[in-house]
Each structure stands twice: as structure tokens, then as C-alpha cells.
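I opened this model to look up its charged pairs, its helix faces and its strand pairing. My notes follow in the order I checked things.

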Amino acid sequence: MTATTPADETPAPPTRARATAVWILVGVAAFIILLDQITKHFALEELTGRGPVRILGGAVYLSLIRNGGAAFSLASGHTWIFPLVALGVVGWITWMAFKLRSMPWAIALGLVAGGALGNVVDRLFRAPGPFQGHVVDMISLFAPYGEKFAVFNIADSALTCGVVLAIILEFTGRQRDGSRVPLRKAKAGDK
């Protein structure tokens, strides 16, 4: 038996790259969850019963909001569905981790997982009760109560950045397995 691979078989993908990518995904997700919960704790401690705190010359306000809905407080009466959707997303990311070998994809998926799970913690463990908990939001841009942009938290920001990064990776041909699909060059006759 020789050490070479037969021509009709492809070599097994390196497991070290997968392990590294998975650990990066888990590390990024854990960091986001921790940072999100710490900032929410401090927001509840410092902003409860207090008006908005203006910082950076009014570019950012810290205003405590308890959001029972999704972005822009949509679907407030259906809070129970958000943890189920978030857990479905995390399940899909877990399934994707079996093929993951790309560090940029690990970061993107870690941001998405951390953001989703950060808000799931609120939905499950904050008032008014399990699967009905309100998400703690505290960051408002350019106005104190979200008049210019929705009030958000660290989890929301991480989720958004992760999705934007994933879209960029897709459009630039970077695959989750670490390979790269060459971008199609436009030909003179293409429309």
C-alpha cells in the first residue's frame, strides 16, 4: 500500500482547519453573548428610572427600552416565536460547522450565533416570563428614543454585522469550506 491518493479519490479535508474554524465560531459567539449580557446588566442597573444619557455629542444616546417585539418593535404580540426562530438559526449554524474551514465564515457565523443567542437569553429569562421576555435595548443613534433609528443592543449589532459579513463573503466567492469560487469575468458580448 502506498501513501499516495488514487486519482479517483479526493484527499480528506484537513481536520485541523475545521477544528480551528469551529473554535473561532464558538469563541466569537461566547464573547458576544457575554458582552451583550454584561452591557444589558449595566443598562438595567444604571439607566432604570433615568432619562437618556447623551454621549459623543448626541451621536449616541443610552436609553433603556424593553422590547417585546422584533426590530422596530414589530410583532410584539408574538414574542414566543422569536426564540424558536433564533434556535433554528443556531441549529443551522451548528450543522454548517461540520463543513466549516474558513476563518472569515467562522467569524460571520459566530457573530450571528452570538447575536441570536444573546437575545434568546432575554426572551427566555427576562420578564414577563419564559418565551415572552422582553429584550433589553439601550443604544439609540442621533436621537434619545429611536426617532432616527431603532434602539438596539450588542446582540442586535453583532447579528447585523455577521449577516453583512456573510453577504460580502458570498458575493466575493468565499466558501465555508475555505475554497474560493472564481468570480465570473464579464465578456464583451454579455449583457
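**Entry 1: the salt bridges**

I started with K40 and found it buried, at a relative accessible area of 0%. This is a predicted model, so I note that side-chain atom pairs count only at pLDDT 80 or more. What does the side chain of K40 meet? I looked, and the partner is D36, in a salt bridge of 2.7 Å, N to O. D36 is buried as well, and its relative accessible area is 0%. The two residues sit four apart in helix α1, so about one helical turn separates K40 from D36.

Next I took D122. Its side chain meets that of R126 in a salt bridge, 2.8 Å from N to O. Is D122 buried or exposed? I read 0% relative accessibility for D122, which counts as buried. R126 comes out at 21%, so I logged it as partly exposed. The cut-off for buried is under 20%, and R126 at 21% therefore does not count as buried.

I then checked how these pairs are connected. D36, K40, D122 and R126 are linked in a network of salt bridges.

How many salt bridges does the structure hold? I counted four. One of them joins E170 to R176, with the closest N and O atoms 2.8 Å apart. E170 is partly exposed, at a relative accessible area of 41%.

**Entry 2: confidence**

I looked up pLDDT before going further. The protein chain averages 86, and 82% of the residues score at least 70. Which elements of the chain have the lowest and highest mean pLDDT? The lowest is α2, with a mean of 88, and the highest is helix α4 (residues 154-171), with 97. I keep one caution in mind: where pLDDT is low, the predicted coordinates should not be read in detail.

**Entry 3: helix α4**

I checked the length of α4 against its residue count. At 1.5 Å a residue, its 18 residues should span 26 Å, and the end C-alpha atoms are 26 Å apart, so the two agree. Then I listed the buried residues of α4: A155, A158, G162, A166 and L169. Seen down the axis of α4, these fall within an arc of 70°, so they line one face of the helix. I asked what that buried set packs against, and found α1 and α3.

**Entry 4: helix α2**

The buried residues of α2 are P83, A86, V90, I93, M96 and A97. Down the axis of α2, the buried residues fall within an arc of 140°, so they line one face. They pack against α1 (15-47) and α3 (103-125).

**Entry 5: I24**

I picked I24, which is found in helix α1. At 28% relative accessibility, I24 counts as partly exposed. What does I24 contact, leaving aside its neighbours within four places in sequence? I found M103, A106 and I107. I also looked up the separation of I24 and I107: 83 residues in sequence, but 6.6 Å in space, C-alpha to C-alpha.

**Entry 6: the strands**

I moved to the strands last. Strand β1 (residues 53-55) pairs with β2 in the antiparallel sense, over three bridges. Within that pairing, I55 has V60 of β2 as its bridge partner. The hairpin of β1 and β2 has four residues between the strands, and there L56 takes a positive phi near 55°.

How do β2 (residues 60-67) and β3 run relative to each other? They run antiparallel, joined by six bridges. I checked one partner: Y61 bridges to S140 in β3. Strand β3 (residues 135-141) is mostly covered, with six of its seven residues buried.

How values were computed:
Residues numbered from 1 in each chain as written. Heavy atoms only, no water. Buried < 20%, exposed > 50% of the residue type's maximum accessible area, 1.4 Å probe, protein only. Pairing = 2+ DSSP bridges. Arc of directions from axis to C-beta. Contact = heavy atoms within 4.5 Å. pLDDT = per-residue confidence, 0-100. Expected span 1.5 Å × (residues − 1).
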